[in-house]
Amino acid sequence: MELFEIYLPVAGIHFNVLVLLLIGFTVGVCGGFFGIGGAWIVTPALNIFGFPMPYAIGTDLAHIGGKSIVSTIRHGKFGNVDVRLGVAMILGTTIGMELGANLVIKLEQMGLAESLIRKLYIVFLGLIGSYVLYDYVSHTRRQRRVQAGIEVAPTGETVAQKLQRIKIPPMIHFRASGITCSLWLPVLVGLSTGLVAAVLGVGGGFIRMPALIYLIGCPTAVAVGTDLFEVMITGAYGAFTYGVKGRVELIAAMWMLFAAAVGAQLGTVAIKYVRGYSIRLLFAITIFVACSSVILKQLELQLASAVTILVAGIGISLVIIAWLVKGVVDERAGRLPANHG
Amino acid sequence: MRRGQLTTWARAGGAALCSWTLAVPALAAGGGKGASKLVNVADTRQLEPGLSRWMAGVYNESYWLFGLLVVAVMVGMGVVLGMATDKAVSMLGINLGKISHHE
């Protein structure tokens, strides 16, 4: 294995290239499929293999910027990126993140930051995961009843539809998402998700992706693509800020990006063969995994937490690739209409 | 007399400076926790001339320049790899046109 060892001059450590490629590929597949940056996999994974924490975060953010470009290019060609919506949200996200960062500093001064944030993180992810799972289960039950010819009660107005009815000018039509709403809706959703993301110390994909679906009313695939568009911009900014602080191991980021580019392409193309609700189901499972890793961390089981994340990340990537392969085989055999999405 | 006073002040000043210089690291080290590195330097001694060494050199020269280099490399690689992998996937014969959304 020494053959694959490289010296990383900034972090001052020797590291195995194969590990970097494995981490990069895993996070690439998950990121392209769910529309998330994947910091929850990369940072602990790099850390358990010997990266000092500040370099793990900086290197992760750097490669996320590059990887998201790969996914956004492909999602854009699929028609899954709503640039207008993404730009409107970035405005709110930036302000929200700044407010959140100030709130964290206040909490730190009160000596509450560490424990409170971790508990909030667990509660928040638990709630989001549970809601997405509940939505999946009720949708599946409904579909089964419809297929069995049993009459089902009409569903009420969704939260997103109620929010879209608020007519505060300027009203904007978001073509890729197929929705018309007040500009203030995405700005405020961006602001609140940015605030929560900054307080919890996460990139935001975990919160923004479901917010795009349930609060704004985007189709799942558009939520994934638009979220990646945002991750691309915040990732580039993060790469720069950590770069000027000297906390990016650029050589490691480049190796990870090679594998992440391949993974991101596969993860993104897999979206084409999977229905929106199946994406939501796997997303809920992913959230629960991230949540349980934080619980393990809270119990001071650092190694178990990082191993759980890495193993689960690899497992989830394999499921996505299996769906991709099945989809391609079915399409070639003529069992699927082209571009069914 | 005046000259003597000046010499005394100069001596006192010199002694204060020396004490400060000696005391600061001692205070920092005696603060309980280990003192962290104030300036990070990439160790280029183990590197052969090439890309790694050049990047480490930029890092040692200026963090600002390094920050710009990080963004330029990541964005550049993202665009090139994005187009290359896109081409590779399309060569597999998968239809990569716009998709209609089915929930």
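Two residues are taken to be in contact if their C-beta atoms, placed from the backbone, lie within 7 Å. The structure is a predicted model, in which local features need pLDDT of at least 70 and side-chain atom pairs count only at pLDDT 80 or more, while totals for chains, interfaces and linings use all residues. Residues are numbered from 1 along each chain as its sequence is written, and chains are lettered from A and ligands numbered from 1 in the order in which they are written. Helices (H or I, at least four residues) and strands (E, at least two) are DSSP runs, numbered from the N terminus. A residue is called buried if 20 or more other C-beta atoms lie within 10 Å of its own, exposed if 12 or fewer, and partly exposed in between, with C-beta atoms placed from the backbone.

Helix 4 of chain A spans residues 83-109. This helix has 27 residues and reaches 39 Å from its first C-alpha to its last, close to the 39 Å expected at 1.5 Å a residue; the expected span is 1.5 Å times one less than the number of residues. Its buried residues are A:Leu85, A:Gly86, A:Ala88, A:Met89, A:Gly92, A:Thr93, A:Gly96, A:Met97 and A:Gly100. The cover over these buried residues includes strand 3 (171-174), helix 7 (184-200) and helix 9 of chain A. Just after helix 4 of chain A, A:Gly111 takes a positive phi of about 75°.

Chain B contains 3 helices and 0 strands, and buried residues make up 17% of its 103 residues. Helix 3 of chain B (residues 63-90) has 28 residues and reaches 40 Å between its first and last C-alpha, close to the 40 Å expected at 1.5 Å a residue. Among the buried residues of this helix are B:Phe66, B:Val70, B:Val71, B:Met74 and B:Met77. The buried residues of helix 3 of chain B pack against helix 3, helix 9 and helix 10 of chain A, together with helix 2 (51-61) of chain B.

Between the chains, 46 residues of chain A are in contact with 37 residues of chain B. On the side of chain A that touches chain B, helix 3 (53-78), helix 9 (220-244), helix 10 and helix 11 (276-298) of chain A each supply at least two residues. Helix 3 of chain A gives the largest share, 11 residues. By class, this side of chain A has 27 nonpolar, 13 polar and 6 charged residues, where Ala, Val, Leu, Ile, Met, Phe, Trp, Tyr, Cys and Pro count as nonpolar, Asp, Glu, Lys and Arg as charged, and the others, Gly among them, as polar.

A nonpolar core is a set of buried Ala, Val, Leu, Ile, Met, Phe, Trp, Tyr and Cys residues joined through C-beta atoms within 7 Å. The largest such core has 123 residues, and A:Ala239, A:Leu250 and B:Val70 have the most contacts inside it. Helix 10 of chain A (residues 250-270) gives the most to this core, with 16 residues. Residues up to four places away in sequence aside, A:Ala239 touches A:Leu61, A:Ala62, A:Gly65 and A:Val248, as well as B:Val70, B:Val71 and B:Met74.

A:Val159 lies in helix 6 (residues 159-164) of chain A. This residue is exposed because 11 other C-beta atoms lie within 10 Å. A:Val159 touches A:Tyr214 and A:Leu215, not counting residues up to four places away in sequence.
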